[in-house]
Amino acid sequence: MDLGLRGNPVLITGGSRGLGRATAETLAAQGCPLAICAREERPLLDLAESLRASHGIEAFVRSVDVTDHERLAEFVAEAADSLGGLRGVVANAGGNRGRGLLESQSVDWTATFDLNVGHAATVTRAAVPYLADGGGGSVVFVASISGWKPSPPAQYAAAKAALVHMATCLSRELAEHGVRVNAVSPGSMLVPGGGWDRMRRNDPDRFGQFLREFPAGRLVDPAEVAEVIAFLLSHGSRGVNGAHIPVDGAQNAPSARGY
């Protein structure tokens, strides 16, 4: 489906693998010039080459630690200069530090919030002038069903919940600039080489039990989430602002531990 995104520059954080890569591939197929950052340079360079060859789009990539907020803001400016502006941002980078509450340290909570919430705030703040200059644009935060369905570890779940609420708050604050902000909450995704894929191969009985959390009997495909992100970046979603959209296949528990 053509979403009318051709020629709209989009920036993606954490875009070299998993959902970030699926989003890059989906947007490239729509004809979007892309700016993509991640920590490791080699996968980014390989992805850029693949996207150029397959879709003929411009791809600007840089190795960036998104918790280096000054460098992240610089990347936004460099991307806008390279692509001739920005029309969309996907704050996809995220993750967790530490384990359960009794095993964790305060630094684990601080680092987890900074990686998920802090980076999303920085990339959005840096991008707003470019998005507004182009007549407005769209920002999508990648949260998680762990942000609204109980799931360990609590610091990760709390950070994702904060992303959902931040999208709602910023949708009101940034509306005067013509910038929309929404959040998507992916369910557990089957990514080649990812944690669920390893469980599928190494512990099939446990994986089979986990599949019971999905009415359709399968995990979410990253491409399914990427298609929703692409829609939220498009003009067709112009009336959608401050929304939280689960893409989880009606998944019940986000954790194989059953809660």
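Two strands count as paired if DSSP finds at least two bridges between them, and strands (E, at least two residues) and helices (H or I, at least four) are DSSP runs numbered from the N terminus. This is a predicted model, where local features need pLDDT of at least 70, side-chain atom pairs count only at pLDDT 80 or more, and totals for chains, interfaces and linings use all residues. Residues are numbered from 1 along each chain as its sequence is written, and side-chain values use heavy atoms, leaving out hydrogens and water.

**View 1. The open sheet.** Seven strands line up as S3-S2-S1-S4-S5-S6-S7, with parallel pairing. S3 (59-63) and S7 (244-247) sit at the edges with a single partner strand each, so one side of each has no neighbour in the sheet.

**View 2. S4 beside S5.** Four bridges join this parallel pair. Look for Gly-88, whose bridge partner in S5 is Ser-138.

**View 3. The largest nonpolar core.** Such a core is a set of buried (under 20% relative accessible area, 1.4 Å probe, protein chains only) Ala, Val, Leu, Ile, Met, Phe, Trp, Tyr and Cys residues joined through side-chain atoms within 4.5 Å. Of its 36 residues, Leu-11, Phe-141 and Val-181 touch the most other members. H4 gives the most, seven residues.

**View 4. Cys-37, on its own.** A search of the whole structure turns up zero disulfides (cysteine sulfur pairs within 2.5 Å). The closest cysteine sulfur to that of Cys-37 is in Cys-32, 17 Å off and too far for a bond. Cys-37 is buried, at 0% relative accessible area.

Notes. Buried means under 20% relative accessible area, exposed over 50%, partly exposed in between (1.4 Å probe, protein chains only).
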